[in-house]
Amino acid sequence: MAELLLKNVTMKFGGLLAVDNLDLEVPSGKILSLIGPNGAGKTTVFNLITGVYKPTEGTITYNGETLNGLHSNKVVSRGIARTFQNIRLFNSMTVLENVQVGFHCRTRSGPVRALFKTRHERQEEKDIILKSQEILDFFGLVGHQNDYASNLAYGEQRRLEIARALATQPKLLLLDEPAAGMNPKETAELMELIIKLRDTGLTIFLVEHDMLLVMGISEVVTVLDYGQKIAEGTPKEIQQNETVIEAYLGTGALSKKKKPEQQKNITRSRQHD
Amino acid sequence: MIQKELKKLVVYGAFLVIILTPMLGFRSTTFEPGRVLKILGIFMTILVLNIVVKFIRSQKKDDGRKKTPWTEVVRKRINRYPKVYTLGGLLALAFAFPMFADNYMIDVGITCLIYVCLGLGLNIVVGLCGLLDLGYIAFYAVGAYTYSLLNLTFGLSFWAALPLGIVLGMVVGCIIGYPTLKMRGDYLAIVTLGFGEIVRLVLNNWDSLTAGPNGLFGMKRPALYYPSFGEDGFTWVTYYLKSLPSLYYFILLIAILTIIGVRRLDNSRIGRAWIAIREDEVAAELSGVPTTWIKLLAYALGAGFASVAGAFFAAKLSYTNPNFFLFMESCIVLCIVVLGGVGSIPGIVVAAFVLIAAPEVFRGLENFRMLAFGGIMTTMMILKPEGLIPASRRRRELRADQEPPPKD
């Protein structure tokens, strides 16, 4: 069953066609990747799903509910969380507080309860702290919980972003280039982490340039170029797809395409840019 | 090094002469070069002393130890005692104040405490939520006028008018907040400045309701009610808080409640959402924080606190007029927040006392009072850009170079 469904989604910025008539299906409980050259419209797709942009045309549905025109925070409370391409943590808040913010849409206490510090509010705050620490524990950040987010190492900041997204208790997690700027060891750890998350029942949809990661863990790969879907399939199928190689390396690369061995090297070389 | 410092001294001196020239006075009757020379002399002495200190410091060997600034030393010394003692001591001092102070000092104290309330209210909007509001005094005006009108027209007591004033203040806060939700920074500041002026001009020109620039007068003071068992049975006796000490204790209570309220909000789920919006609005929205609603809430609550202060202000003076709510007042409240340390409750309390009491202390300087006031503000900002008692978060932001570098 498809959880998230994009139908004929088009996004225009003035005259620029960023996403062109895209149909996309994110099946539940799988790891799905969206790849494509720079400027292909991958992040725009994420922004459309999470309500940052309103699609010019087409519909986005999640478990049968239409997401078009919803505020981003409503999309989040429907169970879709995301991370960002360039890390966007709340830098002057502590690690723990960053995760606590994620619980906002799952808790109720308003200003009146906070002013009078009712029993309910105190209980809720306690719960939030406990749950946040659980999440931080899962990401191996519990030792840093009182550090400022900006003092974490790069890889830790990436993990904290995922932790904050998880605090909103999503069913679908959108990761925007989670491995950007990571070294091979950190990437390997991230792959393990993503698989672990999938095993807890999350659906994971990621945009990524690191082909080792994409080919290593995704079950379905969708390729985007100039806002259009040019290919979809398992990692193996994508690696052998001529249109994909053309999109990434230009038409010249096709004439050299002879042995499958060579292609693997070609796709792998992408991780270096 | 000495040569460089001497050069500086000459430049500063020339600069001072230019600044002080207008003070010579151009009419023959007030021509008093001696006065200027006196001021020049004082400033030059300070500069010379500064050079001497610098020279002595440069002679001292740098022992490589990191020097802790004196504010840190004071903080550590205070933190050695349990917080209860510090707070209890301050509270006792605040309560004992009217016993040894004269009426003038108590009056200044009351004004300071009103500004503590205003500063803390604005702290919610500017400090926590990061929305630069230059028209904050409008809500103070709303509170003052609501109580005045309700008391004069319907004879409502302070306690009955207060909730209505708070609600009306919050509504006006939302009205001003709603159109500005998409704005940030400079643009927001200009729009709020405009709204603040609109409120004042409406009060100034709506003669039939607000009596225009004449103002309203004759409001009853806040009252306490206590039961009395006299000859004719059980009655409630009304005690109007007319004397300055009683008004002082009343505003002290309001200020303490405001401090507790703002502190609780700061540490709550809503407070975290405010800070998240200040840090990164997009990320906050995508972490499930309904930014629109939470920002409106910041405006409304900030306005509510100002409204309480306004109602007290009108009740205390028994008089109100639109000229109490000039743009300058908004500026002073903002200065309190910024000088005290954005987002820091103790900082704002201290800054309110410094900024409101300083012009009074300098009354002896007559015409140069505001000059000294400006000098204090400038010096404070240069020496401690993050505020007198910075919030722990803010300290990090502005003094990033002193933090240990991030691990890799």
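What share of the contacts in chain B with a separation of 6 or more is accounted for by residues 24 or more positions apart? In this predicted model, such residues account for 72% of those contacts, two residues being in contact if their C-beta atoms, placed from the backbone, lie within 7 Å. Local features are described where pLDDT is at least 70, side-chain atom pairs count only at pLDDT 80 or more, and totals for chains, interfaces and linings use all residues. Residues are numbered from 1 along each chain as its sequence is written, while chains are lettered from A and ligands numbered from 1 in the order in which they are written.

The predictor assigns the complex an ipTM of 0.87 and a pTM of 0.83. For chain B the mean pLDDT (the predictor's confidence in each residue, from 0 to 100) is 84, with 88% of its residues at 70 or more. Over residues 394–408 of chain B, however, the pLDDT is below 50, and this stretch has 21 contacts in the model beyond near neighbours in sequence.

Chain B contains 17 helices and four strands, taken as DSSP runs numbered from the N terminus (helices H or I, at least four residues; strands E, at least two). Of its 408 residues, 36% are buried, a residue being buried if 20 or more other C-beta atoms lie within 10 Å of its own, exposed if 12 or fewer, and partly exposed in between, with C-beta atoms placed from the backbone.

Residues up to four places away in sequence aside, B:Cys117 touches B:Ile254, B:Ala255, B:Thr258, B:Phe305, B:Val308 and B:Ala309.

Strand E2 (residues 223–230) of chain B pairs with E3(B) in the antiparallel sense over eight bridges, where pairing requires that DSSP find at least two bridges between the strands. The two strands form a hairpin with two residues between them, and B:Tyr225 has B:Thr238 in E3(B) as its bridge partner. Of the eight residues of strand E3 (residues 233–240) of chain B, zero are buried, so this strand lies largely in the open.

Between the chains, 33 residues of chain A are in contact with 29 residues of chain B.
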